[in-house]
Amino acid sequence: MYENLTIVDHPLVQHKLTLMRNGQTSTAVFRQLLREISMLLAYEVTRDLKMTTKEIETPVCPMSAPTLAGKKLALISILRAGNGLLDGVLELIPSARVGFVGLYRDEETHRPIQYYYKVPSELQERRVIAVDPMLATGYSASAAIDLLKNSGAKDIKLMCLVAAPEGVELMRKNHPDVQVVTASLDECLNDDAYIVPGLGDAGDRMFGTK
Ligand code: URA
C-alpha cells in the first residue's frame, strides 16, 4: 500500500502489541512488552545491513565467517517515548552508538518544538535507526529526520510501534528515502492527534505519568 512502509506481521509482534493496546495493562507489563517487541522490530530493521567476512579459527578449523561491515550503528531516540524502544534495541545491538533528539508537541498546533539534540559523530557513515513508538501526524519524526540529515545521515530507517496513515504519508512526502518499520498501520488520528485505535499516550503508559 505504501512503498515506504514495512509492517512486521510476525505473530509474536502482533500478540504483544494487542497486550500493549489493552488499557488494563499495567505500566510494568507495558514496559516489558515494549522491550520485547523492540527487539523483534530491530530484527526486521537490521535485516539488510551490509556484511563482510573475517578470518577466525573455530576449535575445529579456520573459517571465513560473516560479520557486520562498516561503522557501528547509530540509534537515535526521539524523546521521550523513543527511550522505551531504545532499551530493547540496545540489548540486541550493544555496541551501537546512541543519540537523542528532544522534541515536544505543541498541544495546539501539534507541531514539534526542539529542546535537545545530541548525536554520534560520523553519521554519514552509519546506518541510522531513529526510534519513536507512535508515528501520528509525523511532524516530530519528519523534523527529527531533517536534523539527522543536516548532521550528514544518509542511510536512515524509522522504527515505530504503531503508525497512522497521516504520518506515513508525511514521511513519504518529506523523506521518501527513509523506510518506516512498524508493527501496525492503524486507522486514523482523532481530533487530538492520537492514533485510533492506537494505545494511548505511549510515554505516559511506559513511564506511568499522566
Ligand atoms: N503520541 C502518542 O503517544 N500516542 C498517540 O496516539 C499519538 C502520539
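Predicted model: local features only at pLDDT ≥ 70, side-chain atom pairs only at ≥ 80, totals over all residues.
Visitor: Okay, helices. How do α1 and α2 cross?
Guide: Helix α1 (residues 11-21) and α2 have axes that come within 10 Å and cross at roughly 155°. Helices here are DSSP runs of H or I with at least four residues, strands are runs of E with at least two, and both are numbered from the N terminus. Axes are lines fitted to C-alpha atoms, for helices over the stretch in contact, and angles run from 0 to 180 degrees between N-to-C directions.

Visitor: So are they parallel or antiparallel?
Guide: That angle makes α1 roughly antiparallel to α2. The cut-offs: under 35 degrees is roughly parallel, over 145 roughly antiparallel, 65 to 115 roughly perpendicular, and the rest oblique.

Visitor: Which residues make the contact?
Guide: From α1, they include L12, V13 and K16, and from α2, F30, L33 and L34 are among them. Contact means heavy atoms within 4.5 Å. By class, this contact has 11 nonpolar, no polar and 2 charged residues. Ala, Val, Leu, Ile, Met, Phe, Trp, Tyr, Cys and Pro count as nonpolar, Asp, Glu, Lys and Arg as charged, and the others, Gly among them, as polar.

Visitor: What about α2 and α3, at what angle do they pack?
Guide: Helix α2 (residues 27-45) and helix α3 (residues 82-92) pack at about 60°, with axes 7 Å apart. They are therefore oblique to each other. Their contact has 7 nonpolar, 3 polar and 3 charged residues.

Visitor: And α4 with α5?
Guide: α4 and helix α5 (residues 165-174) pack at about 25°, their axes 9 Å apart, so α4 and α5 are roughly parallel. Y139, A141, S142 and I145 of α4 meet L170, M171 and N174 of α5.

Visitor: Switching topic: how big is the largest pocket?
Guide: The largest pocket has a volume of about 590 Å³. On a 1 Å grid over the protein atoms alone, a pocket is an open set of points where a 1.4 Å probe fits, with protein on both sides within 12 Å along at least five of seven lines, and lining residues have an atom within 4 Å of a point. Grid points are joined across faces, edges and corners, and the volume is the space filled by probe spheres set on the points.

Visitor: Who lines it?
Guide: The largest pocket is lined by 26 residues, with A81, R105, D132, S140 and D201 nearest its centre. Its lining has 15 nonpolar, 6 polar and 5 charged residues.

Visitor: And the second largest one?
Guide: The second largest pocket has a volume of about 330 Å³. It has 17 lining residues, and L49, A69, G70, K71 and L73 are the closest to its centre.

Visitor: What's the phi of E122?
Guide: Near 55°, a positive value in a residue other than glycine. Most residues other than glycine have a negative phi.

Terms used:
Residues numbered from 1 in each chain as written. Heavy atoms only, no water.
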